[in-house]
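Hi,

Here is the structure I said I would pass on. My notes on helix packing and the nonpolar cores follow below it.

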Amino acid sequence: MPLKKNPADAAEKNRPLVDDIRLLGRLLGDVIRDHEGQESFDLVERIRQLSVAFRLKRDAGAGRSLDRLLKNLSGDATVNVIRAFSYFSHLANIAEDRHHVRRREHHEAKGELQEGSLAMSFERLARADVRADDIARVLNQAFVSPVLTAHPTEVQRKSILDAERALAELLSERDELQRRGATAGDLEDNEALMRSRITQLWQTRMLRFARLTVADEIENALAYYPSTFLRQIPRVYRELERALPGHDISPFLRMGHWIGGDRDGNPFVTAETLQLALRRQSEVALRFYLTECHLLGGELSVSGTRTGMTPELLALAARAGDTNPHRDDEPYRRALIGLYSRLAATLQELTGTEALRHAVPPRHPYGSPAELLADLEVIAGSLRAHRAQALVRPRLAPLMRAVQVFGFHLATIDLRQSSDQHESVVA
């Protein structure tokens, strides 16, 4: 007989979510009161109360009052009400997303497997007596490519997305502050930052004045890569490697797009927009590699006076052209300066844009991602050979996997076209 769920347990599990929604709702209310006045705040609150009474409590009288109130709103009041409830919905979604992450972390900390996780999938495969060799062989023959698309009605303003992403990060930081018993002052500072982001949202227009172009759709999609796919897909591979120790996992999971190549019924997608999409995708990938190489240079301060290096690493450092005497005994840093220089030259050649930093002038662009990967392998091989394996995992290994997966193109572009055009080309 199935056990009945205890409502008190469910309420306790959802308490952090309720607390987050109340906090964000209170801050939004404060911002509305500060910017639009007490009367506007009272109007929004009255509409909220009547909506709850009508929707949840089946109060017909509240429904009639709500209908009269909404029909008599002025234009300005209507806009404020729409914006208030729209932003509250956005803030509640941010809180719900954070709660999903919180619950997942809670279950993982207790060693419990979650539906949809790789760990659960491998557990089921093990119960079915599917061997690691068979799984690895299937993955190495597989190709999985989630394809992103975009339509003007689905593209939010980047200003809104950035502010909401910052709020999500602040909610995560608040969890950490509360976990470690932070001071009231720390929590107050965190709340003040949330208030500033909500103020930014309230004073930012939600809609665009100009019609979206294909270029806008391209930029909107690419904005997600540095904080999501470029970092998270290598983590997926790391989970697979952990579950299948001793097996090489080929880059079977890669990203794809329609954006910039979807000509089916869209007269604004042309050869020029396709070229723009390819250039911008390449720029996003290469700038990510440049940033990671720069950060690696700061981390790999390994001195030749303290440990050995492979001949291949020393040769790579010698080719860098870095003559700074302060790095004479730091071949990893010199090698990475050489990689950065070549990546900067690659960026210039493929996109026509400049890298932000130059220790040495850009020269000798990479002919292929495989050449970059080979140089990174030299660095990783030297670290592994001299008891510095711990320095490979945090940044170098994810960078190498990113180069395997995203190359210099970031994602494939699906060219969608009406069948009569395909027939004409084939004929």
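This is a predicted model. I began with helix α2 (residues 15-36) and helix α5 (residues 75-109), whose axes come within 9 Å and cross at roughly 155°. That angle is over 145, so α2 and α5 count as roughly antiparallel. Their crossing is right-handed. On the α2 side the contact uses P16, L17, D20, I21, L24, G25, L28, I32 and E36. The α5 side includes Y87, F88, L91, R98 and H99. By class, this contact has twelve nonpolar, three polar and five charged residues.

Next, helix α14 (residues 331-351) and helix α15 (residues 369-385). Their axes come within 11 Å and cross at roughly 170°. α14 and α15 are therefore roughly antiparallel as well. From α14, Y332, L336, L339, R342 and L343 meet a set of α15 residues that includes L372, D375, L376 and I379. The tally for this contact is eight nonpolar, one polar and three charged.

Now the cores. The largest nonpolar core has 65 residues. Y225, Y289, L339, L372, I379, L396 and F406 have the most contacts inside it. Helices that each supply at least two residues include α7 (132-140), α12 (271-299), α14, α15 and α16 (392-406). α12 gives the most, with ten residues.

Have a look at Y289. Leaving out residues up to four places away in sequence, Y289 touches L343, L372, L399, A402, V403, F406, G407 and F408.

There is also a second, separate core of 32 residues. L23, L43, A84 and L201 are among its members.

Best wishes

How values were computed:
Residues numbered from 1 in each chain as written. Predicted model: local features only at pLDDT ≥ 70, side-chain atom pairs only at ≥ 80, totals over all residues. Heavy atoms only, no water. Axes fitted to C-alpha atoms, helices over the stretch in contact; angles between N-to-C directions. Helix = DSSP H or I, 4+ residues; strand = E, 2+ residues; numbered from the N terminus. Parallel < 35°, antiparallel > 145°, perpendicular 65-115°, else oblique. Left-handed = near helix turned anticlockwise from the far one by under 90°. Contact = heavy atoms within 4.5 Å. Nonpolar A, V, L, I, M, F, W, Y, C, P; charged D, E, K, R; others polar. Core = buried A, V, L, I, M, F, W, Y, C linked by side-chain atoms within 4.5 Å. Buried < 20%, exposed > 50% of the residue type's maximum accessible area, 1.4 Å probe, protein only.
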